[in-house]
Amino acid sequence: MERIEVKTRESTELIDITEKLKEVVKSAGVDSGICVIFTRHTTSGIIINENESGLKQDIVAILNELVPKGTGYLHDRIDNNAHSHLRAVLLGTSVTIPIDRGELVLGSWQSIFFVECDGPRRREVYVQIVEG
Ligand code: ZN
C-alpha cells in the first residue's frame with residue numbers, strides 16, 4: 001500500500017496524479033496485475049479522463065451546475081458542505097487499472113485525476129497494487 005499526498009488550492013478542482021501513479025507502479029516492480037486507486041475522503045473523487053484544460057473547466061462547471069451549493073440540503077445543517085458530498089457521489093471513490101509489462105494500461109488520452117470537491121485541503125490517495 002502506497003500513499004500519495006495531494007494539496008488542493010480550489011474548492012472544486014481536478015488534479016492529475018497520473019505521473020505519480022506511474023512512479024508507484026514502476027517502483028513496485030509488478031509485471032502483471034491491477035492497480036486500485038482510492039480516496040478515503042467523502043468530499044472527493046477519483047476519475048479517468050482527458051487532461052485538456054477546457055475539458056477540466058467543463059467538468060468543474062458541470063459539477064457546479066448539477067449540484068449547486070446550498071439549495072436546502074439537509075446535511076448543510078451539520079457542516080454546510082452537502083454539495084461537496086453530493087458531487088463526490090457522482091464521481092466515485094476509486095478506479096482500477098490493469099498493469100501489463102510493468103505499466104498501467106492507459107489509453108493515450110487517459111489521465112487519472114483526483115477531484116477535490118471541498119477544497120482547499122491536504123488529501124491522501126491510497127494505491128494498492130495486486131499481482132496476478
Ligand atoms: Zn459534511
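## Reading a predicted model, feature by feature

Analyst: A search of the whole structure, which is a predicted model, finds zero disulfides.

User: Where do cysteines such as Cys35 and Cys117 stand, buried or exposed?

Analyst: Cys35 counts as buried because its relative accessibility is 0%, under the 20% limit for that class. Cys117 is buried as well, with a relative accessible area of 2%.

User: Which strands pair with S3, and over how many bridges?

Analyst: Strand S5, residues 94–100, runs antiparallel to S3 and is joined to it by seven bridges, and within that pairing Cys35 has Ile97 of S5 as its bridge partner. Strand S8, residues 122–131, also pairs with S3 in the antiparallel sense, over seven bridges, and here Ile34 has Val130 of S8 as its bridge partner.

User: What is the order of the strands in the sheet, and which strands stand at the edges?

Analyst: The sheet is open and has five strands in the order S1-S8-S3-S5-S6, with antiparallel pairing. Strand S1 (2–7) and S6 stand at the edges, and because each has a single partner strand, one side of each is left without a neighbour in the sheet. For S1 that partner is S8, with six bridges joining the two strands in an antiparallel arrangement; one of the bridged pairs is Arg3 with Tyr126 of S8.

User: What is the accessibility of Asp79 and of Asn81, and where does Asn81 lie?

Analyst: Asp79 counts as partly exposed because its relative accessibility is 42%, whereas Asn81 is buried, with a relative accessible area of 7%. Asn81 lies in the loop between helix H3 (76–79) and helix H4 (82–91). Asn81 and Gly70 are eleven residues apart in sequence, and their C-alpha atoms are 7.9 Å apart in space.

User: How is a pocket found, and what lines the largest pocket here?

Analyst: Rolling a probe the size of a water molecule over the atoms shows where empty space is left. In this model the largest pocket has a volume of about 180 Å³, and its lining is made up of Lys22, Val25, Lys26, Gly29, Val30, Gly102, Glu103 and Leu104. Helix H1 (18–28) and strand S6 (103–104) each supply at least two of the lining residues, with H1 giving the most, three residues. By class, the lining has three nonpolar, two polar and three charged residues.

Conventions: Residues are numbered from 1 along each chain as its sequence is written. This is a predicted model: local features need pLDDT of at least 70, side-chain atom pairs count only at pLDDT 80 or more; totals for chains, interfaces and linings use all residues. Side-chain values use heavy atoms; hydrogens and water are left out. On a 1 Å grid over the protein atoms alone, a cavity is a set of points where a 1.4 Å probe fits but cannot get out, and a pocket is an open set with protein on both sides within 12 Å along at least five of seven lines; lining residues have an atom within 4 Å of a point. Grid points are joined across faces, edges and corners, and a volume is the space filled by probe spheres set on the points. Helices (H or I, at least four residues) and strands (E, at least two) are DSSP runs, numbered from the N terminus. Ala, Val, Leu, Ile, Met, Phe, Trp, Tyr, Cys and Pro count as nonpolar, Asp, Glu, Lys and Arg as charged, and the others, Gly among them, as polar. Two strands pair if DSSP finds at least two bridges between them. Buried means under 20% relative accessible area, exposed over 50%, partly exposed in between (1.4 Å probe, protein chains only). A disulfide is a pair of cysteine sulfur atoms within 2.5 Å.
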